[in-house]
Structure formats: structure tokens, C-alpha cells
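Here are a few notes to read alongside the model. Have it open and go through them one by one.

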Amino acid sequence: MTDNLDLFSAPAPVDIAQPAIKIEALRDQLNHWAHQYYVLDEPTVPDAEYDRVFRELQALEAAHPDLVTPDSPTQRVIGAVMEGLAPVRHTVPMLSIHTETDTEATGAQAFDARVRRELGLTEADPAIEYVAEPKFDGLAMSLRYENGRLVQAATRGDGEVGEDVTHNIRTIRQIPLTLREGVPPLLEVRGEVYMRRADFDALNERQREQGGKTFVNPRNAAAGAVRQLDSSITAQRPLSFFAYGLGAITPPGEGGPQFRTHFEMLQTLKSWGFPVAAQVRIAAGATELVAFHQQVGASRDALPYDIDGVVYKVNRLDLQRDLGFKTREPRWAVAHKYPAQEMATRIEGIDVQVGRTGKITPVARLAPVFVGGVTVTNATLHNLFEIRKKGVRVGDTVIVRRAGDVIPEVVGVMPGKRTGYVPNFRMPTACPVCGSAVVREKGEANHRCTGGLFCAAQRKEAILHFAARRAMDIEGLGDKLVDQLVDANVIRTLPDLYRLGLTSLIALERMAEKSAQNVLAALEKSKQTTLPRFLFALGIRHVGEATAKDLARHFGVLDAIMDATEEQLLAVNDVGPIVAKAIRTFFEQPHNREVVEQLRACGVAWPEGPVAERAPQILAGKTVVLTGTLPTLSRDAAKDMLEAAGAKVAGSVSKKTSYVVAGAEAGSKLAKAEELGVPVLDEAGMLALLAGTGA
């Protein structure tokens, strides 16, 4: 990574002949970054760069011990109390542990050798027993219980003084507010508050949809949530907790427990109701530490939460006491890191990609950077609003994050690196794949290609939607077959489906003659359909099954729908401005009209007639909910009948529900209907209602 060091916001070069000046510059830089990370929860450099500068300072201070001061970042736990949160002095200091940045096996071996040396052991002595556990990427927390009740929760802060965040910690469901019987009168549990990856992704997606601030990584999302002054904000951000140690505790002679090992203490915490990581293991000597590091590293991407390493602790508590501490960290523990998941690099350009559903995503082309164990050259920028919010421009030095199998993303711009004026990125007005118009609907963040039936990037998705059961119902045309047909360039547009022959299908991998004949038969059968099914099958944005049926009922014939103005479309039941514009935009595309005409030419047909011939809408304006299994009708058949009579078929019961049709094994929907007094019908009752003879 030395080739990329010029990208980072490191201190300006200083004459190394003046070590005092160099040391002071490094301390200022580290303190500045620490303030952004720990106090503001807005990091501007990746952890790997902070670690690099920290090690540089350590090396200089080791070479010039006379220049070491008590307030140096190497001599204290970095952190501060946030304004507005009450300070809490820790009874037992919350110290950090030494970080071993050598991500290979030698990191574990060096720690074991150091412990054995300090204990005065020789090669003839048995292996030391350790506890090995994941190193969570979250916020350290101390939970104080008195007589089994949570009375205070405090952050690490500077190790001596933290912040009182009890009001927020009470919102975390994994943290018990009261403990089971048998716990000591005083108990301080140390652990980590973190956010699961799925919860983090969902939070950021909500923030994007609402135009709010997105978070750099789960750690900072968790830290920001814990340190809110308003606990209602914290409650909206799903946090989790793992316990890994103790602070103050009632002594054994006064009713407290007597632990012999660290592992025994963890198992006791678990029995008291605290979550402890399932990966915690006892490891004998360096060999088993190395195996643990490799094993957890191999499964790191599959974990539901972020870790940036593993932690090794001498298991026997008497040996921990013998080893003691040095300045800011215990001699009996070490954090063994994995490759960084966040690194800095430069944006060399911004391209766009067209997704399977037509979404246009801007993608940053990067100077290659090794992050999360792989070399990354591209990272998503999500959408134009994200680019503007983060202030990203070509040539910027940015932080790139890759965690697990998640697509790498640009999470922030490193300040002070831009040279000269660079214009803002602009989204294309035409799709780079098919040339169709690119639009962004009001209230949406994403731009989309309008060429759904024509765009090669959307071809597979368009075919699968067209063949779906509720659309053209082409049995046997699933994902794998569509992949083969499109990848082999056999199918380019929807009409090509109806031009398939037995020979072209049999030529595909794992396609027997009988299977090919079944697909051809299903295609032939699908030619006779209904106008609502055909409309839905076209995949017009915002046109679902119900809207397709409303359009068919209102206009009667397809040509009238294709030629309708937005004003005429707005006259259709439940069609608003956004849906009307989407329909109009779809049929304004010449290639979409061409696909429709070709499908007709291939024999796809449906009954059409004047609007006046439509059946009376007996259930117009009524909302019906289906639940359970009906004796003779499938759920789809019942839904079709109800919608043909003008009813809206909903998925949940409310006060506005007109009827609930219940079959065998009806569940919570039936109970809700009875609770609200909504009329409940069986299948016979529904049929009577449709015939005009029922309730």
C-alpha cells in the first residue's frame, strides 16, 4: 500500500532531524482524527491510515523516550465526553488493548512469544491457555448493575471518564434491565454495542429514501445512535450487544463470585442473561491461536456483523494479574487485525450501470486499492443525490468500504485533497445501453431507463416478468432457461419467445426433447390471454395487476390505452399523476409499440370489446381480504372474480375492509376481522355476493 500513501491526509513532511517537531505534528494529526471519529462520529480517514500514523508516532517516541509526554495519543485511551451527556468516572478504567497489525500468522506467534517471555517460561514449559474471541467493530460500553438492576450505562470516553448513555442503552433489547437471581450486589459488565449489517443497510436505505444523512459504516451508525440526547432516535436504530468482560464487581469475600479463568467468567455472564459471541474458544498456544485467526477470517464475510480482527486473552486470571499493564494497555491481551475494510483511493472517473429493472447507478472508477481482502477498482455511488450529498467529484480522494460480499461503496470524501475546479457529475439523459430516455420520477432518488422491453440490460428481467404466472403464465420458462436463451443470444426481444423452435431449445444445455416440447406447448397456450394479463406482462412501471384490470375495464381495447393522454388516463380508477405519466412515457417509446405489434403478429390475442359491454361492477368501491384455503377456488381464482366485480383485494384487514372471505386454517386476519366487526364470508357467501344474492 505504500504506493497510495500520498493519497492520505497525513501531516506535512517535517525535517526528521527535528524529532520533537515531527512528533508534535503526528500527535496533532492523530488527536484531530480521533476527535472526528470518537466525538463527532464522522471519521474522515480509514482506520488503516490512523493505525499507520499511530505506529509512526510510536516508533519515533521509542527512539526518543525523552520526548514522550503523558498526553500523547500513545499514552492514553483516545476519546472525550460529548457535550450534553453527563460524565461518568469509571471505577475500573476502560483501557484499550494493543493492536497487532500483522495480519498473518506471525501476529499470533509474536504475542504468544512475548507472553511466555514475560512469564519467564521456557520451551520445555507447557503451552499457555488463551481465550480467543472476535474483535467487534462497535462502541465499548460499561453496564453497571446494583442489586440486579441496570442503574447506569457509560461509554469508554478517555478510559477514565465516559458518558452517561443509560437512557439510550435501555432501548437495546439484548441488554437485560434486570438480572436473574444469584448475581452479585455490584456488577459492571463490559461489552460492545454494535449494529448488524442487515440493520445497517436497511437504516441507510431508509435514510436515502427520506433524503437524510447516510452513515459511513455500522460502527459509526451505532456510536451515533448511542450518543443521542433523544432516546426516541436511538430506539429507531436497531442496536445489538455482546458482553466480553467485567469492570467493578463485589469481591468474593462479600458475596461476589470467584472466577479462576476468563472463559469461566464469560460463561457465567451468559448464564446471567448477557449475549456472548458464539465464536469464543479456548486455544492452547500459538498454533491454536493461528488456527482460530484463520478460521474466523475465512468465515468473516458470512458473519451478520462487522469484525476487524480477533482478540487473544490469557485465560488464567492469576496469570493476567502477574503480567499486569503497561501504560494504556494490558500485557495479557492483544487484538490481531484482519485486512482493512476501509481504505482511501482516488476517483479516476464516474460511469453508469443499468440494472435488471432499469435503475441507473453511478459507479466510481477507482485507482486500484486493496480493501477487505481483494483489489477494488469500482465502487457504487448509489444515485445522484448521494453524489451531491457527499460532494463526490472526479479526482477526489475518497474512503472506499467493502464488507463481506457487499458491493464496494464510496462512503466519503477526504477533505483538502481537491486541486482546482472540477465540474459536478451529471446523469445521462439517454440510456447508455439502448438509448431510451432516462427519467427520474418526482419524489424518487433513482434515475431509470424507460426502455424496459427493448433494453438489453433489462432483457432477462423483462422476459421473466412477462412469463410469470400472474402475467402470461408460461410454464417452464424460469431463471435458468431465460439465462441460457439470453446469454446464447437466442432471445433478444419478447416476440422472439414465440419464434422459438424445437431445434434451438434442444441445443441448450440440459434441455431434453420432452422438456423443450413442454416449453413450446406452454408458449402456444399463452397466446390466448386477457387484456389485463397482457398489460401487466408488459412490465410498465407502476402498473400492477389491479391497475392493469382497471385500465382494461375503463378503455376496453389496447389501442385506446396506448393512445390515451395523461388526462384520459387520470380518469381511470386509482390512476394518479405518477402512474399516468409512466404509462404515457412507456407507450411514447417507438420500440415499445413495435414490441406490442410484433407480439400481436406472433398470435398473442385476447378478447376485446367496447367499454359499454363491460359487466356491472357489483362490488365497486368495496375492499375484500382473502384468508385461509377455500374449498374449491384457488386464491388467484377468487381474487380474479372479486376484482372483475370491481372489488379491491387487499392484503391486510382494517376498519375500511368491507368483507373478509375466510377458508380453512384462516389465521390472524380472521381474528382481526372479528375484533373489528368486519363481515366474514365463506366461499359460498362470496359467490352469493358476486351473484347479487348475498349480503
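1. Start with Ile97: at 23% relative accessibility it counts as partly exposed, meaning between the cut-offs for buried (under 20% relative accessible area) and exposed (over 50%), with a 1.4 Å probe and protein chains only. Bear in mind that this is a predicted model, where local features need pLDDT of at least 70, side-chain atom pairs count only at pLDDT 80 or more, and totals for chains, interfaces and linings use all residues. Residues are numbered from 1 along each chain as its sequence is written, and side-chain values use heavy atoms, leaving out hydrogens and water.

2. Where does Ile97 sit? Look in the loop between β1 (87-89) and β2 (98-100); strands here are DSSP runs (E, at least two residues), numbered from the N terminus. Leaving aside residues up to four places away in sequence, Ile97 touches Val311, Glu329, Pro330, Ala333, Val334 and Ala335, where contact means heavy atoms within 4.5 Å.

3. Now hop over to Lys337, in strand β13 (residues 333-337). Lys337 is buried, with a relative accessible area of 12%. Its side chain makes a polar contact of 3.1 Å with that of Asp51: a pair of N or O atoms within 3.5 Å, where, within protein, one must be able to donate a hydrogen and the other to accept it, and residues adjacent in sequence count only if both atoms are side-chain atoms.

4. UniProt's unreviewed entry lists Ile97, Lys337 and Asp51 among its "binding site" positions; such annotations may be inferred rather than shown by experiment. The listed positions span 291 residues in sequence and the farthest two C-alpha atoms are 25.9 Å apart, so they do not all gather at one spot.

Terms used. Helix = DSSP H or I, 4+ residues; strand = E, 2+ residues; numbered from the N terminus.
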